[in-house]
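These are my notebook entries on a single protein chain, written while I had its sequence and coordinates open.

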Amino acid sequence: MSATPADGTSPEVGVAAVQVPLVNIANILTVTRLALVPVFLLTLFWDPESLGWRLAAALVFAVASVTDHVDGRLARKFGLVTDFGKVIDPIADKALTGAALFGLSILGDLPWWVTITIAVREVGVTLLRFWVIRYGVIAASYGGKAKTLAQIIAIGLFLLPLPEWFDPIEWTAMIVAVVLTIVTGVDYVIRAIRLRARG
């Protein structure tokens, strides 16, 4: 026999009444990150040879990346997690990192094989999310978060106008990011298949 709350409402009614608003600070930050993508590209390509514009591009990328950490913390702390946020958050991440990777490759600062490897994985995972969306939402895993952090650090290093002796550090960070990208991609494929099977 199920318990009935003191106010006389059923448990089902009580749960249904608690709904997270779609427009909340976490989702606003996520959408802001998405809106910063064209701003980032503008600063990156405005004058590629300018130290000031390159630093500006790195700054915009850093600010946009910070919102990824902040919106997640706010969503969990204040119970602002929504299905919209679960879907748009990884899309905003992929748009930002994808823009940076393609931009760096176009400028000749990053080999295309790195950009293509990461892009294929990111697009594939996004398609997987939509493939199983009727059965449930695949939330970001700890591995996925580590992958995102590794990509942000590696891309940030490549964006900064650092001296040549820093190249080994930049490449170490990028290789770590690529490895995590591939490993977590395989993990998402397995999770998607299992979710679909349960559905």
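In which helix does isoleucine 28 lie? I looked it up and found isoleucine 28 in helix α2. I am working from a predicted model, so I treat every value below as computed.

**Entry 1, the surface patch.** I checked the accessibility of isoleucine 28 and noted 43% in relative terms, so the residue counts as partly exposed, since that class lies between under 20% for buried and over 50% for exposed. I then looked for its surroundings on the surface and found a nonpolar patch made of Leu22, Val23, Ile25, Ile28, Val31 and Phe84, which together have about 540 Å² of accessible area. Helix α2, which runs over residues 25-46, gives the most to this patch, with three residues.

I counted seven helices and zero strands, and the pattern along the sequence reads α-α-α-α-α-α-α. Of the 199 residues, 40% are buried. Among contacts with a separation of 6 or more, I noted that 77% join residues 24 or more positions apart. The protein exposes about 11300 Å², and carbon and sulfur atoms supply 71% of that area.

I compared the length of helix α4 (residues 83-106) with expectation: at 1.5 Å a residue its 24 residues should span 34 Å, and the end C-alpha atoms are 35 Å apart, which agrees. Just after α4, I found glycine 108 with a positive phi of about 85°.

My search of the whole structure gave five aromatic pairs. In one of them, tryptophan 46 and tryptophan 53 have ring centres 5.8 Å apart and planes at 35°, so I recorded the pair as tilted. Tryptophan 46 counts as exposed at 56% relative accessibility, whereas tryptophan 53 is partly exposed at 33%. I next took phenylalanine 102 and tryptophan 112, whose ring centres are 5.7 Å apart with planes at 65°, so that pair is edge-to-face. This pair links distant parts of the chain, with phenylalanine 102 in helix α4 and tryptophan 112 in helix α5 (residues 112-131), ten residues apart. Both partners count as partly exposed, phenylalanine 102 at 37% relative accessibility and tryptophan 112 at 41%.

I finished with aspartate 167, which lies in helix α7 (residues 167-198) and counts as partly exposed at 33% relative accessibility. From C-alpha to C-alpha, aspartate 167 is 9.2 Å from leucine 157, and the two are ten residues apart in sequence.

Terms used. Residues numbered from 1 in each chain as written. Predicted model: local features only at pLDDT ≥ 70, side-chain atom pairs only at ≥ 80, totals over all residues. Heavy atoms only, no water. Patch = residues over 30% accessible without salt bridge, like charges linked within 9 Å, V, L, I, M, F, W, Y side chains within 5 Å. Areas by Shrake-Rupley, 256 points an atom, 1.4 Å probe, with all protein chains shown as cover. Salt bridge = Lys/Arg side-chain N within 4 Å of Asp/Glu carboxyl O. Helix = DSSP H or I, 4+ residues; strand = E, 2+ residues; numbered from the N terminus. Buried < 20%, exposed > 50% of the residue type's maximum accessible area, 1.4 Å probe, protein only. Contact = heavy atoms within 4.5 Å. Expected span 1.5 Å × (residues − 1). Phe/Tyr/Trp six-rings, centres within 6.5 Å; stacked < 30°, edge-to-face > 60°.
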